[in-house]
Amino acid sequence: MKAMLLNRIVDIALDPHPLEAAGLPVPQPANNELLIRIHTCGVCHTELDEIEGRTMPPHFPVIPGHQVVGRIAAVGSKVQNYAVGERVGVAWFYSSCGYCEYCRSGNENLCAKFKATGRDADGGYAEYMVVPESSVCRIPEVFSDSEAAPLLCAGAIGYRSLRLCNLKDGQLLGLTGFGASAHLVLKMVRFQFPHTKVYVFARSVVERQFALSLGAAWAGDTSDIPPDLCRAIIDTTPVWKPVVMALKHLAPGGRLVINAIRKEELDKDFLLNLNYPQHLWLEKEIKSVANVTRRDVMDFLELAAKIPIKPRVTEYSLGEANKALYELKQGRTVGAKVLKIFQPE
Ligand SMILES: [Zn+2]
Ligand SMILES: [Zn+2]
């Protein structure tokens with residue numbers, strides 16, 4: 001099978017071709033695993049974090065990609081709930097221990113043995129992959145393969161971020177950064193919290209215009225002063241300045257939810273502008289979002305089908321994975337990027 005392999009840590013700014021095309025044997029599913037013929041795989045900012053070493057794969061080479069949509073091509077001998085031909089999705093959750101306190105309480109995203117698709121196990125930048133049957137979810141019919149892929153990460157983690165905001169209908173929500181995840185959050189908010197106004201903070205004018213076209217009540221630069229203070233803000237940027245600015249724009253008792261697996265180091269000095277009375281006092285909170293649970297993915301897909309949420313996608317071939325990653329790094333396009341790997345008749 002064709003696959004795009006990550007062999008080493010690379011600085012994409014210096015080497016825009018971090019992944020290598022390879023021909024590999026099709027993997028065989030173990031007893032409780034499914035073999036998936038991959039149709040599409042979303043391209044996520046977390047791949048940049050893996051490639052550049054901020055969240056390091058434990059072994060090389062590894063096939064990245066954790067927003068996988070495909071059909072089951074073969075099942076292991078102990079698989080019970082899925083059959084060949086069914087369309088399924090694989091998200092960031094690949095496996096966990098299954099018996100610790102976190103796993104038993106539905107918080108497997110926090111398990112010490114948490115394994116991520118496309119980092120700790122081979123993922124979706126390939127024609128096939130294997131995955132435990134307990135880790136996949138069915139994809140609602142309403143979505144095409146390309147539409148479904150970005151929902152599995154950007155959408156599911158956006159859903160979890162919004163859940164962690166503890167927002168009530170009518171309370172003001174801020175979004176800093178307006179990429180794949182944030183634009184899906186805006187669509188969710190308009191459905192779940194119809195009286196909530198959303199303010200969007202983004203450096204890019206294109207992103208701000210996109211936000212306003214989707215119904216944001218206000219959009220400005222990260223350091224612009226919004227018309228009101230926000231009850232919660234979700235930060236999806238890879239850097240630090242927006243964190244400090246967001247804390248300033250929070251209302252008393254407000255919560256900043258940081259949806260980023262890692263932050264980049266470039267502007268870390270900006271944290272020295274943190275001023276306790278202005279940014280933290282009055283019971284402001286900061287919470288990070290770690291991974292997603294299987295429940296998040298399933299609940300979100302159900303919600304997304306109901307709304308319905310159809311992400312705006314740009315398609316690339318598997319061989320164009322480096323180009324998609326480079327463009328993501330440059331932040332030049334809006335919406336979600338998807339590798340179209342196999343087109344069924
Ligand atoms: Zn992702
Ligand atoms: Zn566990």
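This is a predicted model: local features need pLDDT of at least 70, side-chain atom pairs count only at pLDDT 80 or more; totals for chains, interfaces and linings use all residues.
How are the donor residues of the zinc ion (ligand 1) spaced in sequence?

1. The donor residues of the zinc ion (ligand 1) follow the spacing C-x21-H-x86-C. Histidine 66 lies in the loop between helix 1 (45-51) and strand 4 (68-75), and cysteine 153 in helix 3 (residues 145-164), so this pair ties together parts that are 87 residues apart in sequence. The protein donor atoms are SG of Cys44, NE2 of His66 and SG of Cys153, at 1.9 to 2.2 Å from the ion.

2. The structure holds five aromatic pairs. One of them joins phenylalanine 93 and phenylalanine 114: the ring planes meet at 70 degrees, with centres 5.8 Å apart, so the arrangement is edge-to-face. Phenylalanine 93 belongs to strand 6 (residues 93-95), while phenylalanine 114 is in the loop between helix 2 (101-104) and strand 7 (115-116), 21 residues apart. Both residues are buried.

3. Phenylalanine 201 and tryptophan 218 also form an edge-to-face pair, with 5.3 Å between centres and 65 degrees between planes. Strand 11 (residues 198-201) carries phenylalanine 201 and strand 12 (residues 218-220) carries tryptophan 218.

4. Lysine 187, in helix 4 (residues 180-192), is partly exposed, with a relative accessible area of 23%. Beyond its neighbours within four places in sequence, lysine 187 is in contact with Leu214, Ile307, Ile309 and Lys310.

How values were computed: Residues are numbered from 1 along each chain as its sequence is written. Chains are lettered from A and ligands numbered from 1 in the order in which they are written. Side-chain values use heavy atoms; hydrogens and water are left out. Helices (H or I, at least four residues) and strands (E, at least two) are DSSP runs, numbered from the N terminus. Buried means under 20% relative accessible area, exposed over 50%, partly exposed in between (1.4 Å probe, protein chains only). Contact means heavy atoms within 4.5 Å. Donors are N, O and S atoms within 2.8 Å of the metal (3.2 Å for Na, K and Ca); water is not among the atoms, so sites may look incomplete. Rings of Phe, Tyr and Trp (its six-membered ring) pair if their centres lie within 6.5 Å; planes under 30 degrees apart count as stacked, over 60 as edge-to-face and the rest as tilted.
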